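Here is a note for a colleague opening this structure for the first time.

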Amino acid sequence: MTNKNSAIGFLRQLVINDLTGQNPPRYPLSSGTEMVVGRDPRCQVVLDSNRYGMVSRRHAAIRPLSGGLGWEIHDLGSANGTYINGSRLQDRCRLRVGDRITLGQNGPEFIFEAPPVASAPQSESATFPLPNTLKRPPSAPVRSQPKRPESADTVTLTQLFPIFSTGRDLARKAYFIPASITAIVVVLLFSVQVPTLFNLVLGGYMAGIAYYYVYQLCGKHKPWWLLLGAAVLTALLARPLVTLFGPFFYRILAGWAPGNSLWALLVRETLGTGLLEELIKALPIAIAFQWGRLLRATQKADATQAGYPPHPHFNPQSIGVWEPLDGILLGTAAAIGFTLVETLGLYVPSTIQSAVNGAEPGLGYLAGLQLLIPRVLGSVSGHMAYSGYLGYFVGLSVLKRRKRWRILGVGYFTAALLHGLWNATGHYFFTEVSQLAGAVALALIGMLSYAFLAAAILKARALSPTREQNFATRMW
């Protein structure tokens, strides 16, 4: 009798323009375990991240069929898809000798090679549909052949009208939603005649751009309504909470360091403005944390009693704070709400009023606009940096519960210190030295603050329990 498990299969990688003279790499397939291909170092076939950025961390898996009757390939939810002989793989597909596997469009290519195997029953082979391409018989030789010359002259309907074939991927891959929002904002900016509303639309759009940058860098999905809710909640509570708790932070905590020296300013701004404002912006993180825990406990009890799964839109894992990335996303969203309230509700009106002084109102509005743009765009290295950095520690305290108070203390005071350093440096150098020195000092502090945030994001991605699903964009 023939041992069906003795069949050996290989993946042979196609190397284009290889000048090394070495044979293309061949990866043997096991008849007992799966082979995962991706950029993650834990994969069986590891691809270079610098060369193959379109490949996901865990892109595809090749798994043996029962009885040693061959292998099938599974797409592991990759961002850019897996293609078999030019057709996109939707779920899984049984491999045949000579099949060409491409990871993403224009990504690395492999050829499946295997000796003839005892044919499976008809019912089993029908379970795995093959791509809609020309099937190569099992006895055909394995070699990479270019497309037939006549295919270059063939024009399909989807080539003439690409929207019919790529429409499904527009929202997911082509930044269709951000571009659509930009078009709507442009129309509103042309249509709005009220300066206050114009500033609100422009400020909200720029804040969205800044947050989208951080969101892509974090690489974790979070419900949009939850992030928007964090921003709106912070915007609504910022002024009342500052009015309520301001005397304690500004007079009691920060009142013992009089004077205008840089050290005195740093102490006052850290213990007063820094501690108070970072505490306010951390409020949505704390609410989401408690909400997620309560929701998980409630759904576990309901599922035990009634036997139904949790609601997908109210998943505790997507709502709560379970890791540092959750805290960063919620903290930076809260910072957006605080930035808009502070800028549009305080600084811009004050600048407009100071700039007018009997002159034309247009000069005041221009001065307000000149303040609005750098303050909102600069929030990536300002309020978003401080709050996102604190959010990292909130999420880290969830993973390291035994050390949570030490972690929260370090994060809270570090974020407040960065906040106070920005305020104190700007005030001191602009008033005591020169405008140029103040600008240089603030630029350096802004770079330092963003470095803290970026370092926290990178560490959070490394610590993330859901690291395999991370979609973070490579910015360089």
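1. Buried means under 20% relative accessible area, exposed over 50%, and partly exposed in between, with a 1.4 Å probe and protein chains only. Strands are DSSP runs of E with at least two residues, helices are runs of H or I with at least four, and both are numbered from the N terminus.

2. The model is predicted: local features need pLDDT of at least 70, side-chain atom pairs count only at pLDDT 80 or more, and totals for chains, interfaces and linings use all residues. Residues are numbered from 1 along each chain as its sequence is written, and side-chain values use heavy atoms, leaving out hydrogens and water.

3. Now the sheet. It is open and has 6 strands, in the order β2-β1-β11-β10-β7-β8, with antiparallel pairing. Two strands pair if DSSP finds at least two bridges between them. The edges are β2 (26–29) and β8 (87–88), each pairing on one side only.

4. What flanks β11? Strand β1 (residues 9–14) pairs with β11 in the antiparallel sense over 5 bridges. Here R12 stands opposite I111. Strand β10 (residues 100–103) also pairs with β11 in the antiparallel sense, over 3 bridges. In that pair, I101 stands opposite F110.

5. The hairpin of β10 and β11 has 5 residues between the strands. G104 takes a positive phi there, near 80°. Strand β7 (residues 82–84) is antiparallel to β10, joined by 3 bridges. I84 has I101 as its bridge partner in β10.

6. Next, two helices. α7 (residues 224–253) and α8 (residues 262–281) pack at about 150°, with axes 9 Å apart. Axes are lines fitted to C-alpha atoms, for helices over the stretch in contact; angles run from 0 to 180 degrees between N-to-C directions. The angle therefore makes α7 roughly antiparallel to α8 (over 145 degrees; under 35 is roughly parallel, 65 to 115 roughly perpendicular, the rest oblique).

7. Contact means heavy atoms within 4.5 Å. On the α7 side, the residues meeting α8 include L241, F245 and F249; on the α8 side, those meeting α7 include L275, L276 and L279.

8. Last, T414. This residue lies in helix α14 (residues 404–433). Is T414 buried or exposed? It counts as buried, because its relative accessible area is 19%. Leaving aside neighbours within four places in sequence, T414 is in contact with Y389 and F452.
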